[in-house]
Amino acid sequence: MEMLLSLVIGGLYAAGFYLMLRRSLAKLIIGLSLLSNATNLLIFTAGGLTRAEPPLVPRGADRPTGPFADPLPQAMILTAIVIGFGVLAFALVLAYRAYQTTGSEDLDAMKETDR
Amino acid sequence: MISLILRTATHFLFTIMLQFSLFLLLRGHNEPGGGFVAGLMAAGGFALYTIAYDVAATRQALRVDPRTLIAVGLAIAAGSGLLSLMKGSPFMTGEWGHLRLPYLERLNIGTPLLFDTGVYLTVIGVTLMIILSLAEE
Amino acid sequence: MSIILTVLSGFIFASAAPFVHRFIKEGIGWIMALLPISLLIYFLTYVPMVAAGEVTIVSYPWIPRLGVTLSFYLDGLSLLFSLLISGIGALVLIYAGSYLKEHPQLGRFNLFILMFMASMLGVVLAGNLLTLFVFWELTSLSSYLLIGFDHERETARSAALQALLVTGGGGLALLAGLVMIGQIGGSFEFSLLLQQGDRLRGDPLYVPIVLLVLLGAFTKSAQVPFHFWLPSAMEAPTPVSAYLHSATMVKAGIYLMARLTPILGGTDTWFYTVSIIGGATMLVTGISALYQNDMKRILAYSTASVLGMLTLLLGLGATATIETAIIYLFAHALYKGALFLVAGAVDHETGRRDIRALGGLRRAMPITAAAAGLAALSMAGIPPLFGYIGKEVLYEAAQKLSGIGSYVTGLLMLASLLLVAVAGMVGLRPFVIGKKGVTHPEAHEAPISLRLGPVVLAGSGLLFGLFPSLAGYWILSPAVAAVLRQPAPLHLSLWHGWNEIVLLSLATTAAGAGLYAARERLLPAAEALKGIARWGPARGYSATLNGMMRLAQAQTRLLQNGRLRIYLMIVATSAVGLAGYTLLHRDGFIGLGIESELRFYEVAIGGVILAAAFLATQTRSRLGAVTALGVVGYGVALIYILYGAPDLAMTQFLIETFMVILFILVFYHLPGLTPFSEWKRRLRDGLLSLAVGTLMFTLAYLASHARFHPPISRFFAETSVPMAHGRNIVNVILVDFRAFDTLGEITVLSVAAFGVYALLKLRLEGKR
C-alpha cells in the first residue's frame, strides 16, 4: 500500500507542478491545490500507515488498546487542510482581481505590473 | 433562479446542519469532530442558505457580521489560554472542572472546550467572510 | 532608585518627548533637561562611595537558559562617563531646545537624543559583554537617526548611512569578539572576566579576539582607516555633533579599550595594534584638520586626532599613560564640547560656519566669545586651564616611557602643536582676529540657552584647572583605578616649578602659534594632501557600497526576473539535482519495512485520483478542471477514512466542497483555460514535472518505511485521557497539547479571510 500511495503522491506532485509551470493564472491555482493535497498525503504516509484504527481511546480505558493510527500527523494535516483552504481562497481572489485589473490571465503579461 | 424544492429542503437542512455542527463541536473532544469540522459544517449550512436564497438573506439569518465572528472567536480562543495565568500556570494550561449530573456520566468541562468554541466561531467567520464577499461580486 | 532605572528612564522619557512637544513649545529644552539633571545629581551621590573604591553590581536574569543576564556595573570608569553623559546631556538638551526651536520635528529630535543618552549610559554601565553590546548597537542606531535628522537632505542621509554601516560593521566584529571572550572566559560578566585575563591572553584565539574587538572600538572611535565617517557625520545638527560625535559616543571605543585593558591588554599584539593605529590616527586627522575651513569639520578632525591620542595612550599601556588617557579624555570632553556648541551658536547667529567668512565676533557676542576663548586656551594647553594639566601629564607620561620615550614625546608634541593651531582657527579667529572687512551687522549675542552650554563647559575647564585635585581625587583617580585594577591616587597640580616639561609645553605652544600664523601660506601645499586624501578609505567605502549595489542588482535581474515559472524551475531543478544525487549515492536503502497488504478498492481509489489529476492538466474546460480537483480531494478523503483518520476525512470532505464552490464562483469571472505555450515547452515542462514527481515518489516511499526515532505519539496517547480528559487524541492535540499552534493557525486563517475581504471590498471604496 505504501507503494501505491507513494505513486499517488508522485503523480499529484507531477501534475501540480506541471500546472504551476503554465502561463495561465487559473492553472497555477489548480496546480497549487493539487500540490497541497499531495503534501498532506506525503505527511500522512510518512507518519506510517495503520489501517482502520482511529486514534481514539475506548470509553472507560485511559489509553488506546491495541494498535492505533499516529495522531500527530493527523493533527498536523488537519491544520494544513484548513490553512490550505485559506491560502487557496486568497490566491483565487488575488487571481480574480489581477485578471480584472490587467484584463489578462497570462502570467507573462503581468510581469511588468509591479514595476 | 428560485427553486421551491431547494428552498423547502433548505428550510430543514439548514436547521439540521447547524444543530449537527453543535453536536460535532461538543463531542469533538471524545469522538471524531471538533471545532474545525463543526465550524465548516455550520458554514456549509449558511452556504446552502445563500444558494437557496441570496447573500442579503444569509447576512440577515446570520445576524452578526462574519468579521465580528472572527474577532469574537479569536478572543475566546486566546482568552481561554489566559485563564490559567490567573492560577499561576503557564499560558494555555488546560484547566478543568468536573460536573456530576444526575442520570449522566461525569461531565468534564475545561478551557480546551472553550478554546475549541473559539476555533469554531473563527472558522465560521472566515469561511463565510470569504464565500459571502465572493458571492456578492 | 536603582541603576537600571537610570538607563530605562531615558527610554521612557524619550518615548514621551514627541507628545510633550505637541503641547509645550516654549522652553522645551529646559523641561527635557530635567531628566539628565536628575541623573547627574543621582550619579554625583555615588561619587564618595566610588572614590572609596566600592563597585556596585546589579543583575537581572534576561535569558536564563543561555546564561544571559542584564547586569549593570558601576565603578570609577563608569561613573566618569556617566557624569559626562548626563552633565553634557543636560546642557545639550537645553541648547537644542533653542537651537532647533523653529524646527517642526524638535519633538522627534528630543526622542532620538534621549534615546541616545539612555543607550550610552547603558554602554558605560553595562555589567557584562552582551548588555554592553546591545546598548552599543543602540548608540549606533540613534547616531544614525540623529545624523540623518534632516532627512530631506541627500548628504545627511548618505552621511547617516555611512556612519551606520561603518560603526555597525564594526559592531558585528565586536559581537564575534565578545562571544569568543565569553566562550573562553566562561562568563560574560566583567566582574568574573577580570580574573580570566591570563587564560584569555594564553588562548590560541587571543589574536583574533583582539582584532575583532578592536575593529569594533576603532570604527566607533573613528580611528584610521575608519575615521572618514566622523567628518561626514557633521551633517547632524550641531548639538548632536557636540554630544555624540565629540564628547560621548565616539569615546565608547576608548571606553571599551579601557574597560578591556585588564582583560586583554598587556601583550605585544595589543601594544602594537592599538598604539600604532592610535598614533596614525592622531597625526593623519590632526593634519587634515588644518586645511579645513568649516568650523565643524575642523573640530571633527581634531576630535578624531584626540581620539587617536587617547588610543595611543591606552595602547602604550603604562600606568602613567593610562592615567593621562583618562585625564585628557576629561579635559577634551569639556573644551571640545564647548567649542562645538560655540560653533553652533555662531552658525545660529550669523548663518555661517566658514572661518574665512567670520571675524571680530567678540563685539557682537562677548559672552560666547569669552567661552570660546577659554575653551580654545584649554585646547591649546595654556595655564591655568585644565587642558594645560592634561598636556603636562601627557609629556610627563611620555618621558617616563623607557626606550621609546623620546619618539612618543615627539609624536605627542606634533599632535599638540596641531591642536594649538586648530584652537586658534576655531576659538580665536572668528572672534578676535579675523579678516579685516568681515563684519556681521546681523549678529547679536546668543540667547541664554545657547550660551549656557559653552559657558558651563569652558568654565569647568577653568575651575578644574585652578583646583585640579577636585576632579583628580573624586572622579579621575577612581576611573584610573578601575582600569589599572589598583588604587591610583593622582596628584594633579597646576604648577610644579620650572622643569623640562614646562619648557616642552611652552615650545609646543609657540610652535603651534607659528603654525597658525603660517597656515595661509601652507594651504597650497595642503591642496596636494587633499589630492591624496581623495584616494583614502572614504573612496574604498563608496566603491564597496556601489559594488555591492551592482552585485545585488545583477543578482536580482538574474534570479528575480518576474517570471514565476523560472523561479519554480530553479527550485525544482536544484531540489531534484541535489536530493536525487544524494539518493543515488547512498549505500542501499536503510531499514525498508514490510509493505502492508494492498486491497483492490484501494488500487481503484489511487487510480481514480491519478486519472483525475492527469485530466486536470489536460482539460480546457474550467468546469472539467474543477470537477477533476473535486475528485482528487474526495479520493484523498477516502484514503483518510481507510487509514484511521475520520477527523481528517470529515474536514477534507467539507473543505473540498467549499473549494469547489469557491472555484466556481471565481472561474465564473475568468476566461477559459487557453493553452499559451507550444508543444515543445509543454514537453520540457512535462519532463521536469515527471522528474519532480519521481523524486517525491522516492522520498515518500523511503519516508514511509524509514523510522529513525520512535514516534512521540505514545506520549499523547498515554496522557490524553488522564491529563487532558479527552478520548479523541487528534482533537486533544489540537486544542490542548498544541493549542498555541492552533491559535496561530486560526489567526493566519483570519488574516487570509481579511486579505480576501480587503481585495474585494476596499476597491469599491477607492472608486467612490
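**Entry 1: a helix pair in chain C**

I started with helix α16 (residues 319–350) of chain C, which packs against helix α20 (residues 448–466) of chain C at an angle of about 155 degrees, the axes being 8 Å apart. I kept in mind that this is a predicted model. Angles over 145 degrees count as roughly antiparallel, so I noted α16(C) and α20(C) as roughly antiparallel to each other. I looked up the hand as well, and α16(C) and α20(C) cross in a left-handed way.

Which residues meet here? On the α16(C) side I listed C:L334, C:Y335, C:G337, C:A338, C:L341, C:V342, C:A345 and C:H348. Facing them in α20(C) are C:L450, C:G453, C:P454, C:L457, C:A458, C:S460 and C:G461. Sorted by class, this contact of α16(C) with α20(C) has 10 nonpolar and 5 polar residues, and no charged ones.

**Entry 2: chain C as a whole**

I found 31 helices and 2 strands in chain C. Its C-alpha trace spans about 110 × 60 × 50 Å along the principal axes. I then checked the radius of gyration: chain C has 35 Å, while a compact globule of 768 residues would have one near 27 Å. Of those 768 residues, 52% count as buried. For contacts in chain C between residues at least 6 apart in sequence, I noted that 78% join residues at least 24 apart.

**Entry 3: chain A**

I turned to chain A, where I counted 3 helices and 0 strands. From the N terminus on, its elements run α-α-α. The C-alpha atoms of chain A fill a box of roughly 60 × 30 × 20 Å along the principal axes. I read 61% of the 115 residues of chain A as buried. Among contacts in chain A with a separation of 6 or more, residues 24 or more positions apart account for 52%.

**Entry 4: where chain A touches chain C**

How many residues does each chain bring to this contact? I got 75 residues from chain A and 87 residues from chain C. On the chain A side, α1 (2–20), α2 (25–46) and α3 (71–102) each supply at least two residues. I sorted the residues of chain A that touch chain C into 49 nonpolar, 13 polar and 13 charged.

**Entry 5: chain B**

Chain B came next, with 5 helices and 2 strands. Reading along the sequence, I wrote its pattern down as α-α-α-α-β-β-α. The C-alpha atoms of chain B fill a box of roughly 60 × 35 × 20 Å along the principal axes. Buried residues make up 43% of the 137 residues in chain B. Of the contacts in chain B between residues at least 6 apart in sequence, I found that 65% join residues at least 24 apart.

**Entry 6: where chain B touches chain A**

Last, I looked up the contact of chain B with chain A, which takes 6 residues from chain B and 7 residues from chain A. Which helix gives the largest share of the chain B side? I found helix α5 (residues 111–135) of chain B, with 3 residues. By class, the residues of chain B that touch chain A divide into 5 nonpolar, no polar and 1 charged.

Note on methods:
Residues are numbered from 1 along each chain as its sequence is written. Chains are lettered from A and ligands numbered from 1 in the order in which they are written. This is a predicted model: local features need pLDDT of at least 70, side-chain atom pairs count only at pLDDT 80 or more; totals for chains, interfaces and linings use all residues. Axes are lines fitted to C-alpha atoms, for helices over the stretch in contact, and angles run from 0 to 180 degrees between N-to-C directions. Helices (H or I, at least four residues) and strands (E, at least two) are DSSP runs, numbered from the N terminus. Angles under 35 degrees count as roughly parallel, over 145 as roughly antiparallel, 65 to 115 as roughly perpendicular and the rest as oblique. A crossing is left-handed if the near helix is turned anticlockwise from the far one by less than a right angle, and right-handed if clockwise. Two residues are in contact if their C-beta atoms, placed from the backbone, lie within 7 Å. Ala, Val, Leu, Ile, Met, Phe, Trp, Tyr, Cys and Pro count as nonpolar, Asp, Glu, Lys and Arg as charged, and the others, Gly among them, as polar. A residue is buried if 20 or more other C-beta atoms lie within 10 Å of its own, exposed if 12 or fewer, and partly exposed in between; C-beta atoms are placed from the backbone. The radius of gyration is taken over C-alpha atoms; the globule rule is 2.2 Å times the number of residues to the power 0.38.
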